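Thanks for coming, everyone. Let me put the sequence and the model up on the screen, and then I'll walk you through a few places in it.

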Amino acid sequence: MKYKGSCHCGQIAFEAEGEINEVMECNCSICSRKGSRMWFVPRDKLRLLTPDENLATYMFGEHTIRHHFCAECGIHPFGEATDPSGNRMAAINVRCLEDFDFTSLPVKHFDGRSL
């Protein structure tokens, strides 16, 4: 299935393809403050509909995850990283998807705070 999403002001818009069976909620210092619920897809299943220049990026800790956000409205629609097997992945904030009810999905809790 193909989903569309964006930040609040629309400066960052994207499409993502795949099946959403569960979302992940991380308790690390940034994810808990953002309130993200993430759906992971291979990076090639995420397509930006707006220019790359619209993405602002924040990295911290070991600088392995690129947390993308909109410099205009501040919303964090997705992040990018490489999984342990070396695959490029996108972590999409399902709260940014259009016409999608994420509240019925099972939530996997990840203890990022302990890393």
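Predicted model: local features only at pLDDT ≥ 70, side-chain atom pairs only at ≥ 80, totals over all residues.

Is Arg37 buried or exposed? Its relative accessible area is 17%, so Arg37 counts as buried. You'll find Arg37 in the loop between α1, residues 29-34, and β4, residues 38-42.

So what surrounds this arginine? Leaving aside residues up to four places away in sequence, Arg37 touches Val23, Met24, Glu25, Ile92, Asn93, Val94, Arg95, Phe102 and Val107. One of these neighbours is another arginine: the C-alpha atoms of Arg37 and Arg95 are 6.7 Å apart, while the two residues are 58 apart in sequence.

Which residue forms a salt bridge with Arg37? That is Glu25, and the closest N and O atoms of the pair are 2.6 Å apart. This links distant parts of the chain, since Glu25 sits in strand β3, residues 23-26, and Arg37 in the loop between α1 and β4, with 12 residues from one to the other. The two ends of the pair fall into separate classes: Glu25 is partly exposed at a relative accessible area of 24%, whereas Arg37 is buried at 17%.

Now look at Asn93, which belongs to strand β9. Asn93 has a relative accessibility of 7% and therefore counts as buried. A polar atom of the Asn93 side chain lies 3.5 Å from the backbone nitrogen of Arg37. Again setting aside residues up to four places away in sequence, Asn93 touches Ser36, Arg37, His76, Pro77 and Phe78.

On one side, β8 pairs with β7, residues 66-70, in the antiparallel sense over 3 bridges. β8 is also joined by 5 bridges to β9, residues 88-93, and that pair runs antiparallel too. Phe78 takes part in both pairings: His68 stands opposite Phe78, and in β9 the bridge partner of Phe78 is Ile92. If you follow the chain from β8 into β9, you pass through a hairpin with 5 residues between the strands, where Gly86 takes a positive phi near 90°.

Let me turn the model to another sheet. Three strands form an open sheet here, in the order β1-β2-β5, with antiparallel pairing. Its edge strands are β1 and β5, the latter at residues 46-48, and each of them pairs on one side only. Ignoring direction, neighbouring strands in this sheet are turned by 20° against each other on average.

Zooming in on β1, residues 2-6, you can see two faces: Tyr3 and Gly5 make up the covered one, and Lys2, Lys4 and Ser6 the uncovered one. 5 bridges join β1 to β2, residues 13-17. Across that pairing, Gly5 has Phe14 as its bridge partner, and Lys4 stands opposite Glu15. The two strands form a hairpin with 6 residues between them, and Gly10 in the turn has a positive phi of about 90°.

Arg47 lies in β5 and Glu15 in β2, so here the parts tied together are 32 residues apart in sequence. As for accessibility, Glu15 counts as buried because its value is 11%, while Arg47, at 47%, counts as partly exposed.

To place these pairs in context, the structure holds 5 salt bridges. That's my tour, and I'm happy to take questions.

Key: Residues numbered from 1 in each chain as written. Heavy atoms only, no water. Buried < 20%, exposed > 50% of the residue type's maximum accessible area, 1.4 Å probe, protein only. Helix = DSSP H or I, 4+ residues; strand = E, 2+ residues; numbered from the N terminus. Pairing = 2+ DSSP bridges. Contact = heavy atoms within 4.5 Å. Polar contact = N/O pair within 3.5 Å; in protein donor to acceptor, adjacent residues only side chain to side chain. Axes fitted to C-alpha atoms, helices over the stretch in contact; angles between N-to-C directions. Salt bridge = Lys/Arg side-chain N within 4 Å of Asp/Glu carboxyl O.
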